[in-house]
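Me: Could you take a close look at the metal site in this one and walk me through it?
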Amino acid sequence: MQRWLLLLGVVGLVTTVPTSFDQITPRDGESCGYDSCTDAEPGVLNVHLVSHTHDDVGWLKTLDQYYYGSRNTIQKACVECILNSVVKELWLDPKRKFIYVETAFFWKWWVAQPASVKSQVHTLVRQGRLQFVGGAWSMNDEAASHYQSTVDQFTWGLQKLNDTFGDCGRPRVGWQIDPFGHSREFAANLASMGYDGLFLGRIDYQDKARRLRERTMEMLWRGSDDLGKASDIFTGVLYNTYSPPAGFCFDVLCNDEPIIDDVSSPMYNADAKVTTFLEFVLAQSTYYRSNNVLVTMGGDFTFMDASLWFDNLDKLIKHANLKAAKENLKVKLFYSTPTCYLKAVKDANPTLPIKQDDFFPYASDSTAYWTGYYTSRPTTKRMERETNNFLQTFKMLQSLTNLPESNMFILNELKSAMGMMQHHDAITGTEKQHVTHDYERIVTRAVDDAYIIGNQAFNKLLMPEASLVYERCEFNQSQCSVTERSQAFVVTVFNNQVMPKASAKIDLPVTGDGYSVYDETGTNIPCEIQKLSSEYFSMPTRQSNATHNLCFFAKNLPGLGYKNFYVKKVTKEKRDTKKTFEYHSNINDYWKDIRDKIEVDINNAEAKTIAGNSDTNVFEKVPVRDNLNVEVHDYDKDINWDVLKDGDEKNEEEVQGILKEANKKLVEEMARVSKDSKTVFPRMSDDEMRMLSDDPLVVEGPQDIVLENDYIILSINKDSGWTNYSSKTDGTTLSYLPVPGYYIGCEGNNRAPANRSSGAYIFRPNMTSTPVLHTFRDFPVTNVVQSELQEVHIHYDDSVCLTVGLKDDTVYFSTILNIDLGREYVLRFQTDLKTDGAFYTDSNGRQMLKRIRNSRPQWNVTLAEPISGNYYPVVNEIYIEDEDLRVVVNVDRARGGASLEDGWLEIMQHRRLKHDDAFGVGEALNETAGGKGLYSIDTVMLQVVSKTKENLINTAEKSLKFFSEPQLFVAEAPFSLNKFKTMTNVYSFLKTDLPKGVHLLTLEPWKNKILIRFENYLDKELSPDYVSVDLTKVFNTIGIRSIKETTLAANIWFEDYKQWEWNTDEEFSESFNKEYGNEDVSRAKERKKYDDDRLIIKLRAKEIRTFVAEYGVKN
Ligand SMILES: [Zn+2]
């Protein structure tokens, strides 16, 4: 940290007092950043030639294959070669410039360089000849990525650049030239990180045509209505995506003619080449407002032999400028960078159009809506989310329990893995299958390695001598060595969010059905043990002995803390006899069975008496404890012998006495019944019947299946599936129908738009066949669980098993999907809400954006694909609403979502397709394992909310909690329940509860300090002023002494950053969501600022604030 401070200190001073002769501070005559730019000339067209390479952090090849140039048969690409070659060529001529983007690759290269090369690179950076743009670990996707991970991966990449190059290494512009659509939240994030501009490659083809026509390719984009001006960022759409003009690709990968300027050669072409090039840039200039154009000279993995490019660009510049001078063409070509182009545009001081929505969905032609990748590879998307949760937890535990610094190596490995996963061919699922496997390998290893942090931290907290070994489980496919093999184990449920009172539904794979669960005090708590759904046993990837699912609720989890549970296998045999008694639908049958059983026993006893044991009373011969009878067993089932054995012995004796007494009474009762076989019992209620049953089974009878807990009653009609939701707390009701179904993906040869296939990028359902929707009626309900766990399992066919259940005041829908090839599965909710085509989807899991079916905010769209063209990314939340009610669906991983009819909500869950969509992957998206389609198990959460302010605040909190659910850590318990009771089984790192609205976004070690980000997750309607946090009173184990604020990615002191001002041709509205589809909305007003009170910080709506803090460890 001291070094970091020093760097920034030096940089801060550099313009006035150049002091040390280090590698970072520019020497006399050197300049970097904006100061190193070639000045644009007024009155001429300034052509900024930007030499660049676009290096995917995995796509057709793995990260390492790309880096080392391995498997060039798949794709000729070698990043190491690119960087080697570029540095050599830049060194030859100070006029040449180059930009680099992906820090994942740069860093891999940098650490392997000898001091001499490092010194050269330092010089190139100090002189602005090598500039970084973007600069995050990867060029992140913007649809499926979550803002927490985006912020993390920028922080990680920029930290490397800052440490190595200081201010000269700081990227000034965002460079998102390949992602398939652009999010509003990301624009806001970039602005908050102190970027001055953002360049985009891909926008919708209709939008681009309009922007060219209207000269609105460059604009001021407001990233957030809550943050207002602070989230404004200059945004430019590149003219030619990121390619060079046709005929000007001077790369080993291209076949364009080089520039030949030897006039004596028969192949001389310099003049013709220059003429063509000038025509191109003149045409381009007509679409832009300033006298500058940016021409991208490069492409995917270009510059492996940089001399080809630089030699030709040298000639192009020389001859074009000569020609311009000779013919007075008023054109000037020069080496430039996006940073220098931005400065030139700024200096020209144009008036910009504004934008307040986002760039989704992206279509590249009338049938190519890139909305499939929102869902492609759902299991990878889920893995990414879980990994983020691990990363956050381990960063927090490392900071809060003061673990050895040597752990930073493994924590950094995890940061790198998550940075890689944000790449626009990673989390998107648009890579080749073998690359997916490599991503999963890297991520799995990183989490496995980082588990040591969890082990150290929990053991430190549990008790001084605790030595639990937490092992990682694959809960996603109900597989866990610890819970399957152990006689007793500890479940540590960690909540990495500061919000208290979190609860979690815990599902543990176990063998057999005899388990008891004890809470943190050692008290036996209710649990449910269900046979695992048959789908699990057909999963080829599953290697597990588990036969059952042990389920219980972990309630009232503390904020930023954990609770432990002790689970013990019940060893006695009682459960084995259980199957002899089946559930009866009629009480008379039930008692008849008992009579028959007793009859047999009595007859046996009588037979024995007759045989000579005459002193024995027949009734005493009938069931006694040793002669096990299931009813007797059921009688003592609730009195858990295992608890007693761990408890005090006196108590055990006492209970055994009670039990004996109970046995005796039951035996007497059974004998009485057996004597009066004509007895007819009154009809019992269904509930009473269920209580007599050992196994929860189908309950025949009423038309509605009712699930109920303290908050909700769900009444599911067994004929139609329509469900009546009713809130017990405020009486809110909603009638809805969940409909699983699928689209058939288009198959075609992709030679023309009409023949476009659905693929990894593109969602294109076959419109000649209507989507196949499973109707509820056809498929039987197989299991109703009536206990604390309120669940119903609905098997629709072999491919879909839907579980509907209640957790607190929300309803969850878990789907096990094993889908056939060619299908794209969705889960749709139909309600009769009047929604006028409107629905809302989140932007990277943060702000919500209004969508209107068949419409775009800024232009009149023509939709040839009415289904896929209405799909939007959903990272955490999608909702519809009417005046009173909001219906929210939260997703457990990124997805595509839509509202195709009023009152409907639909999310896409899984896709398996027969064809590639011809955007480069070259493979059909067809994930299999063991010769079968890959299973995907997902959960969505439904919230039905009457729109009071209080409810909406709670909903925002619940959505955030759902994103980062409490995590399970399990370890074998080589000790008794008694010992467990002596451990610290509930712990919170928080000193006090934080107010609603406060979210701890980041807590991580920052050299010898810590990095903290707090945010206010509420919008300005819900949080009109601010929420405050007293940093001195937040944490138990560490005390914060002082803080210094940085911009969002922690590479600039906040006080050193000044946002650029731009002229716009209109004012922003107060709220895009209010304005879209409505007439008049007032213009935006800047919100009041509030000063912090020393260490009491104030967070306005949706504000994220980042601090580097000095702290002390408390004992
Ligand atoms: Zn790319």
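Reply: Quick ground rule: donors here are N, O and S atoms within 2.8 Å of the metal (3.2 Å for Na, K and Ca), and water is not among the atoms, so sites may look incomplete. This is a predicted model, where local features need pLDDT of at least 70, side-chain atom pairs count only at pLDDT 80 or more, and totals for chains, interfaces and linings use all residues. Residues are numbered from 1 along each chain as its sequence is written, and side-chain values use heavy atoms, with hydrogens and water left out.

Now the site. The zinc ion gets its protein donors from two histidines, His54 and His424 (NE2 on each), plus Asp56 and Asp178 through OD, at 2.0 to 2.1 Å. Along the sequence, the donor residues follow the spacing H-x1-D-x121-D-x245-H. His54 belongs to strand E1 (residues 45–54), while Asp178 is in the loop between strand E4 (173–176) and helix H7 (184–192), so this pair ties together parts 124 residues apart in sequence. Those strands and helices are DSSP runs numbered from the N terminus (helices, H or I, at least four residues; strands, E, at least two).

What about the geometry? The angles among the four donor atoms run from 90 to 164°, and the site is irregular. For four donors, tetrahedral needs all angles between 85 and 135 degrees; four count as square planar and six as octahedral if opposite donors are over 155 degrees apart and all others between 65 and 115; anything else is irregular.

As for burial (under 20% relative accessible area, with exposed over 50% and partly exposed in between; 1.4 Å probe, protein chains only), His54 is buried at 0%, and Asp178 is buried too, at 5%.
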